[in-house]
Amino acid sequence: MSASLISRGSRQQTKIAKLLTSSPQCDVNPMRRVADSASLFSSTPRSPAFVQGFAASQRCYSSVLPIDMIKDSIKSSLLDEASKKDSSFWDEKRTTNGPAPALNGHEHSQSVDIEQRLSDVVDVDTPINKPDPLDEWYLDALPTHDSSSLKGSTAGKISIQIPEGVAPLDSQINDPFNLSRPDVNDISATIGNDLVGTDHPVLNSAAKYFFNSEDGRGKGKQVRPVMIMLLSRALMHIDNGLETSSPRLTHILKSQRRLAEITEMIHTASLFHDDVIDDADTRRGQPAAHKAFGNKMAILAGDYLLARASICLARLRNVDVVECMSTVIEHLVRGEVLQIKDSRTGVADMEGYLRKNFYKTASLMANSCKSAALLGGNVSPEVVDAAYIYGKHVGVAFQLIDDALDFEGSALSLGKPALADLNAGLSTAPVLFAAESHGQELIPAMARKFKEQGDINLALRCVNEANGVEKTKKLAAIHAEKAIAALVAALEPSPYRDSLVHLACRVVDRKK
């Protein structure tokens, strides 16, 4: 919370006093006072002086209206504000009243390299990485009538258009999981044995829960580490200054391998927290962490993983990468806020839903790929941008296919119960597509989060009639093609580049 906003908190007691003194006996319309306080909370941070003032107003309210109703009103107002795309909650510019003063004779408009930014220019309020506006989701690229009109779609099967110059999939040459196996095979073991050690036995067991499973199911698909290491190897082919076994190359690959481990730790921490919030029963084919260790220990284990990931991130000693990956953690929180907002109203728009999915899923892939490029040595800004675009669109496609599989898969194939999203009251992409043509009957069920008898069957019927699952897969294919196009345009041909193309295809084609 910025100092400039907090400084205004001391004035809020006066504002609350005005609300209260309008009637010493507290006979003002109670619901209007609730709305006034909710508005006050949503627009101003809660400093100690402000909290003290609100405590006084709470005592007055309590004689007229239950305090729980007041708290719910305030919470709703805060969630409404935080979920807006342009909410001031997330505005970095609000941290200062004006530009920071120039130091050592450097003007802010002057272009400086990273060493100068670190040593000469102390401007802690200026982001290094330009934020993504998140203003293009390619919904208009979907066919509006004939389901077979999508380029690359044949006989109801969604396929990806592979550009010329990309070699066909070959399990011995460019299969993404085979090619990356030497780099990622023991990542879970390294995290569990070397990076996540703690003296507390229960916390230690909880933090290692998904990394040291005996049957291997707990480690998941490892798409993110595979993506990072394949991209890291592909980048070697555009840096002519790298020699095949040079100390510099060894250092770069070691840093990128550590980045892959950090990414997996952040992802796993988010699963610990998500499963507590959603009260999930299973994850990756085994009991969710909070079912095995309890809610408190699962949350602490997630926090501990984020702390360990932050330490490892700092040791990479690359400020661009630190900012890039730290943004992911903010995005995870923003995504969860948006999901909480949707779970309270039951209804979301498609663009807002895709934006939430970016925050919760695609941001980690996008920023991890970007960070791998930043660690890659002599890499141009165009290649760094292409790495980000690839990760972003593969991440969007990944979550869309997850949405589709929730309607098509089984508990055995998914590692979690089928229709888990509907049963949790969540309206995912297939439902939102169905609501475009069946809104009159479907939106009321969405608003009540499918809690009444027959609501889930109604949603299944509407999704089936509107081809909601197929439209979801087609949108995923469109995003996968955007990822592939950016990658092929930026990277030199190599088995590693081609394997990334086939990885994007596999994300769309997968069955679990």
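In the predicted model, lysine 392 touches Asp132, Leu134, Phe358, Ala362 and Ala366, when residues up to four places away in sequence are not counted. Lysine 392 lies in helix 16, which covers residues 381-408. Its relative accessibility is 9%, and lysine 392 is therefore classed as buried, the cut-off for this class being under 20%.

Of its 15 residues, 11 are buried, so helix 22 is largely enclosed by the rest of the structure. The buried set comprises Arg497, Asp498, Ser499, Leu500, Val501, His502, Leu503, Ala504, Cys505, Val507 and Val508.

Two packed helices are described by the angle between their axes and the distance between the axes. For helix 7 (residues 176-184) and helix 22, the axes come within 9 Å and cross at roughly 120°. Helix 7 is therefore oblique to helix 22. On the helix 7 side, the contact involves Pro176, Phe177 and Leu179; these meet Pro495, Tyr496, Ser499, His502, Leu503 and Arg506 of helix 22. Classified by residue type, this contact of helix 7 with helix 22 contains 6 nonpolar, 2 polar and 1 charged residues. Ser499, His502 and Leu503, which belong to the helix 22 side of the contact, are also among the buried residues of that helix.

Helix 5 (residues 67-82) was considered in the same terms. Helix 5 has 16 residues and reaches 22 Å from its first C-alpha to its last, close to the 22 Å expected at 1.5 Å a residue. The buried residues of helix 5 are Ile70, Ile74, Ser77, Leu78, Leu79, Glu81 and Ala82.

The structure contains 4 aromatic pairs. In one of them, the ring centres of tyrosine 209 and phenylalanine 293 are 5.4 Å apart and the ring planes stand at 90°, so the arrangement is edge-to-face. This pair links distant parts of the chain, 84 residues apart: tyrosine 209 is in the loop between helix 9 (201-207) and helix 10 (223-235), whereas phenylalanine 293 is in helix 12 (residues 289-293). With a relative accessibility of 17%, tyrosine 209 counts as buried; phenylalanine 293, with a relative accessible area of 26%, is partly exposed. Both residues belong to one aromatic cluster, formed by Tyr209, Phe210, Phe272 and Phe293.

Key
Residues are numbered from 1 along each chain as its sequence is written. This is a predicted model: local features need pLDDT of at least 70, side-chain atom pairs count only at pLDDT 80 or more; totals for chains, interfaces and linings use all residues. Side-chain values use heavy atoms; hydrogens and water are left out. Buried means under 20% relative accessible area, exposed over 50%, partly exposed in between (1.4 Å probe, protein chains only). Helices (H or I, at least four residues) and strands (E, at least two) are DSSP runs, numbered from the N terminus. Axes are lines fitted to C-alpha atoms, for helices over the stretch in contact, and angles run from 0 to 180 degrees between N-to-C directions. Angles under 35 degrees count as roughly parallel, over 145 as roughly antiparallel, 65 to 115 as roughly perpendicular and the rest as oblique. Contact means heavy atoms within 4.5 Å. Ala, Val, Leu, Ile, Met, Phe, Trp, Tyr, Cys and Pro count as nonpolar, Asp, Glu, Lys and Arg as charged, and the others, Gly among them, as polar. Rings of Phe, Tyr and Trp (its six-membered ring) pair if their centres lie within 6.5 Å; planes under 30 degrees apart count as stacked, over 60 as edge-to-face and the rest as tilted. The expected span of a helix is 1.5 Å times one less than its number of residues.
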